[in-house]
Amino acid sequence: MKILVTNDDGIFADGLRTLVKELKNIAQVVVVAPDRELAAIGTAISLYQPVRAKKVTPVIAGVESYAVEGTPADCVILALDKLVKDKVDLVISGINRGTNLGDDVLMSGTVGAALHGSLHGLPALAISVALGDNLYFDDAAKFAALLARKIDAQVLPANICLNVNLPNMPIGEIKGVKITCPATKSHTDIVEERYDGKRQYYWFVRQRINKAEDEKTDSWALEQGNISITPLLTSEVNRPSPPIPDSLCSDLFYELQQLI
Ligand code: MN
């Protein structure tokens, strides 16, 4: 299995490095990621400026790594079209520092990269972990590897796109794994009026709505200490949801517990 790894926190982010370190145990990994952090860039691609890529010191020894002056989506397109010579089997974006829940899926660069993988006919995962003092990237990376193996074993549909969010806690404290849909109202956007000394300007602040009401949503799953798996790119194109076997969540949770 060959896995393409990207993110929106930039190629030097801890979440990406931890993910690559774990995936290297189960697959061939290649990293093509932005050379800097890009927040809320979504699925944007660079159509009006040159996109440059540079082979850099491997993120983890032995892993071919490229830094791209471009968006996460640019990285996926460039990797699949030019940089990676062999066939890629799976695209994983993350591990993002902070959740991507509800309407975040429409804005997140982490999710945007995964969506582009799926648009290119590949299975894709976006993986994010909730913020906290001490981030449990290692535990999230182990879960990413479990999911990658399920995809490799063709337990899931061929070009499925999953948005995966983990609570920030060790595996031993995670309550379960839930298949969810994005919460419809997950944030409020506040526009602050500020003054820079010469002119007025506006500053956008996104605030999470704390209480999720719908029990099928990603926000609710996280609040309850579960891992949330949201299939994307299904309802948008008016197709029935991809079939996910009922046993997947209990299998994943059982296997996760075996890692403690
Ligand atoms: Mn990010």
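1. Helices (H or I, at least four residues) and strands (E, at least two) are DSSP runs, numbered from the N terminus. Ile45 sits in the loop between β2 (28–34) and β3 (52–56). The protein chain has six helices and eleven strands.

2. A word on the basis. This is a predicted model, in which local features need pLDDT of at least 70 and side-chain atom pairs count only at pLDDT 80 or more, while totals for chains, interfaces and linings use all residues. Residues are numbered from 1 along each chain as its sequence is written, and side-chain values use heavy atoms, with hydrogens and water left out.

3. Overall form. A compact globule of 260 residues would have a radius of gyration near 18 Å, and the protein chain agrees, with 18 Å. That radius is taken over C-alpha atoms, and the globule rule is 2.2 Å times the number of residues to the power 0.38. Along the principal axes, the C-alpha atoms fill a box of roughly 60 × 45 × 40 Å.

4. Burial and contacts. Buried means under 20% relative accessible area, exposed over 50%, and partly exposed in between (1.4 Å probe, protein chains only). Buried residues make up 52% of the 260 residues. Contact means heavy atoms within 4.5 Å. Of the contacts with a separation of 6 or more, 77% are between residues 24 or more positions apart.

5. Helix α1 (residues 14–23). Its buried residues are Gly15, Leu16, Thr18, Leu19, Val20 and Leu23. What covers them includes β1 (2–6), β2, β5 (90–97) and α4 (137–152).

6. Is Ile127 buried or exposed? Ile127 lies in strand β6 (residues 124–129). Ile127 is buried, because its relative accessible area is 0%. Leaving aside neighbours within four places in sequence, its contacts include Ile92, Ile95, Ala144, Val164 and Leu166. Ala144 is 17 residues from Ile127 in sequence, and their C-alpha atoms are 7.3 Å apart.

7. The β9–β10 hairpin. Strands pair if DSSP finds at least two bridges between them. Here nine bridges join β9 (residues 187–195) to β10 (residues 200–208), and the two run antiparallel. Four residues lie between the strands, and Gly197 in the turn has a positive phi of about 105°. Asp189 stands opposite Arg206 in β10.

8. Salt bridges. A salt bridge is a side-chain nitrogen of Lys or Arg within 4 Å of a carboxyl oxygen of Asp or Glu. The whole structure has nine. One of them joins Asp35 and Arg36 (2.8 Å, N to O). Arg206 bonds to Asp103, with the closest N and O atoms 3.1 Å apart. This pair links distant parts of the chain: Arg206 is in β10, and Asp103 is in the loop between β5 and α3 (109–119), 103 residues apart. Arg206 is partly exposed at 32% relative accessibility, whereas Asp103 is buried at 14%.

9. Glu255 forms a salt bridge with Lys150, at 3.0 Å between the closest N and O atoms. Glu255 is in helix α6 (residues 247–257) and Lys150 in helix α4, 105 residues apart. Lys150 counts as buried, because its relative accessibility is 12%. Separately, salt bridges that share partners join Asp103, Asp104, Asp189 and Arg206 into one network.

10. Back to Ile45. With Leu47 and Tyr48, Ile45 forms a nonpolar surface patch of about 400 Å² of accessible area together. Patches take residues with over 30% relative accessible area and no salt bridge: like charges are joined within 9 Å, nonpolar side chains (Val, Leu, Ile, Met, Phe, Trp, Tyr) within 5 Å. Accessible areas come from the Shrake-Rupley method with a 1.4 Å probe; for residues, only the protein chains shown count as cover.
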